Amino acid sequence: MDVVELTRNAGLTLPEGWQANQLKAEHPTQTYDAFVDAKLSEAARPLSMPFNVAKGNSSSYNYASGRLDFQSYFKKIYAERGEIERLILNRLLEVFEQIDRIAFPDDYKHEAEILHSWMWDGFEHVDPVKEASAQEKRLNNYTTTLAEECARDGKDYESVLRQRKREFDIMKRLKLPLPGANTQQTAPAAPEEDEDGPENNKEE
């Protein structure tokens, strides 16, 4: 595009057939936001990443749609973690055990293979109260274990139990109520009325 210098309060002469116009603010157009959203959605789809995560904006989401999108996203992450465990971590552990068996053979007398599991960081629930209630029900009806529930949060259940025992011992020494203990609360007493009744207290 040719640039023509304009001088204030001066006439402008252009070649025949030319016309001077001001620049028009046509970009970005009204469809720019839709274009950006479409490109972000295309880039995030191979990763099963929800659109609101890719965009960093959940203003157009409600609770149900957010939960639905994150279910497939979490499954994708679980699958990738499984691949990392199978292709990388388990192989590293196998090499470590081979060296460890030579250095400490007595540790492997009764076990041909050491059982293990990998703990990853958990995912925070949108509604912690609902998640805690569901967790309590799963534990009470024996459809899960404390080890599985702690693993969801990326914690070791043995470390959690040891820490809880230390806390309970301290609370007992300090004579503090333990979590889950039944505490009886007495309702406040109703105000007493005069023997003659409220009607006799009125001024005549």
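Predicted model: local features only at pLDDT ≥ 70, side-chain atom pairs only at ≥ 80, totals over all residues.
## Largest pocket

The largest pocket holds about 540 Å³ of space. Its lining comprises 16 residues, and those closest to the pocket centre are Arg67, Phe74, Phe123, His125 and Glu131.

Sorted by class, the lining of the largest pocket contains seven charged, five nonpolar and four polar residues. Two helices, H3 (63-103) and H4, each contribute at least two residues to this lining. Helix H3 gives the most, with seven residues. In terms of domains, at least three lining residues come from domain 1 (30-118), and at least three come from domain 2 (119-178).

Thr144 sits in the loop that runs between helix H4 (128-140) and helix H5 (146-152). The relative accessible area of Thr144 is 9%, and the limit for a buried residue is under 20%, so Thr144 counts as buried.

The side chain of Thr144 takes part in polar contacts with two glutamate side chains. One is with the side chain of Glu148, at 2.9 Å. The other is with the side chain of Glu149, also at 2.9 Å. When residues up to four places away in sequence are left out, Thr144 touches Arg138, Leu139 and Glu149.

Most residues other than glycine have a negative phi. Ser48 has a positive phi, near 55°, and is not a glycine. Ser48 is located in the loop between helix H1 (32-44) and helix H2 (51-55).

Lys175 is another residue other than glycine with a positive phi, in this case near 60°. Lys175 lies in the segment that follows helix H6 (157-173). Its relative accessibility is 76%, and the exposed class begins over 50%, so Lys175 counts as exposed.

## Buried and exposed sites

Thr144, in the loop between H4 and H5, is buried at 9% relative accessible area. Lys175, in the segment after H6, is exposed at 76% relative accessibility.

Technical notes
Residues numbered from 1 in each chain as written. Heavy atoms only, no water. Helix = DSSP H or I, 4+ residues; strand = E, 2+ residues; numbered from the N terminus. Buried < 20%, exposed > 50% of the residue type's maximum accessible area, 1.4 Å probe, protein only. Polar contact = N/O pair within 3.5 Å; in protein donor to acceptor, adjacent residues only side chain to side chain. Contact = heavy atoms within 4.5 Å. 1 Å grid on protein atoms, 1.4 Å probe; cavity = no way out; pocket = protein on both sides within 12 Å on 5 of 7 lines; lining within 4 Å. Points joined across faces, edges and corners; volume = space filled by probe spheres on them. Nonpolar A, V, L, I, M, F, W, Y, C, P; charged D, E, K, R; others polar. Domains from an automatic or database assignment.
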